[in-house]
Amino acid sequence: MLARLGRRLPRGWSDLALQFGIWFGFGLVYQLARGLADRHPLEAVQNGRHVIDAERALHALVELDLQNVILHAGGFLLAAVNWTYWIAQFVVLALALLWIYIFRFESFHRVRNWVLAT
């Protein structure tokens, strides 16, 4: 089975390992940079207030109301939203990148780089 899968890989197992290394390496560097940037909580709160003020000005501050509805509904709805958030953030992204790598390799590097940039 691994041999069959290996034949589907556009540049073989070593390139796939390289892509995983890039992905996890970027994740590690991101976590380190984030840890260094988390030194000014007051500044972070002030930046958050700027975002809230901008959302209020645009009449787009709906997140708190939506969160309250879901939290008060609890049960299945809360579990579904939590799982959907986790799955969309990690599983769907990983599967989409793997699919692009195998079936649309010519677009893979551009997509991977855009995901890492965002």
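Which helix gives the most to the lining of the largest pocket? Helix 2 does, with nine residues. Helices here are DSSP runs of H or I with at least four residues, numbered from the N terminus. This is a predicted model, in which local features need pLDDT of at least 70 and side-chain atom pairs count only at pLDDT 80 or more, while totals for chains, interfaces and linings use all residues. Residues are numbered from 1 along each chain as its sequence is written, and side-chain values use heavy atoms, with hydrogens and water left out.

**The pocket**

The largest pocket has a volume of about 710 Å³. A pocket is an open set of points on a 1 Å grid over the protein atoms alone, where a 1.4 Å probe fits, with protein on both sides within 12 Å along at least five of seven lines; lining residues have an atom within 4 Å of a point. The volume is the space filled by probe spheres set on the points, which are joined across faces, edges and corners. The lining has 21 residues, and Trp-23, Leu-93, Leu-97, Val-115 and Leu-116 lie nearest the centre of the pocket. At least two lining residues come from each of helix 2, helix 5 and helix 6. By type, the lining divides into 15 nonpolar, five polar and one charged. Nonpolar here covers Ala, Val, Leu, Ile, Met, Phe, Trp, Tyr, Cys and Pro; charged covers Asp, Glu, Lys and Arg; the others, Gly among them, are polar.

**The nonpolar core**

The largest nonpolar core holds eight residues: Leu-9, Leu-16, Leu-97, Ile-100, Tyr-101, Ile-102, Phe-105 and Phe-108. Such a core is a set of buried Ala, Val, Leu, Ile, Met, Phe, Trp, Tyr and Cys residues joined through side-chain atoms within 4.5 Å. Buried means under 20% relative accessible area, exposed over 50%, and partly exposed in between, with a 1.4 Å probe and protein chains only. Helix 5 gives the most to this core, with four residues.

Leu-16 touches Leu-9, Leu-98 and Tyr-101, leaving aside residues up to four places away in sequence; contact means heavy atoms within 4.5 Å. Gln-19, in helix 2 (residues 12-37), counts as buried because its relative accessibility is 7%.

**Aromatic pairs**

The structure holds seven aromatic pairs; two of them are tabulated below. Rings of Phe, Tyr and Trp (its six-membered ring) pair if their centres lie within 6.5 Å, and planes under 30 degrees apart count as stacked, over 60 as edge-to-face and the rest as tilted.

| Pair | Centre to centre | Angle between planes | Class |
|---|---|---|---|
| Trp-86 and Phe-90 | 5.4 Å | 45° | tilted |
| Phe-105 and Phe-108 | 6.4 Å | 10° | stacked |

Trp-86 and Phe-90 are four residues apart in helix 5 (residues 75-103), about one turn of the helix. Trp-86 is partly exposed at 43% relative accessibility, and Phe-90 is partly exposed at 43%. Ring pairs also link Trp-83, Trp-86 and Phe-90 into a cluster. Phe-105 and Phe-108 lie three residues apart in helix 6 (residues 105-117), and both are buried. An α-helix has 3.6 residues a turn, so residues three or four places apart point the same way.

**Helices 1 and 4**

Helix 4 (residues 63-73) is hardly covered, with one buried residue among its eleven. Gly-74 follows helix 4 and has a positive phi, near 60°. In helix 1 (residues 2-8) lies Gly-6, which is buried at a relative accessible area of 18%.
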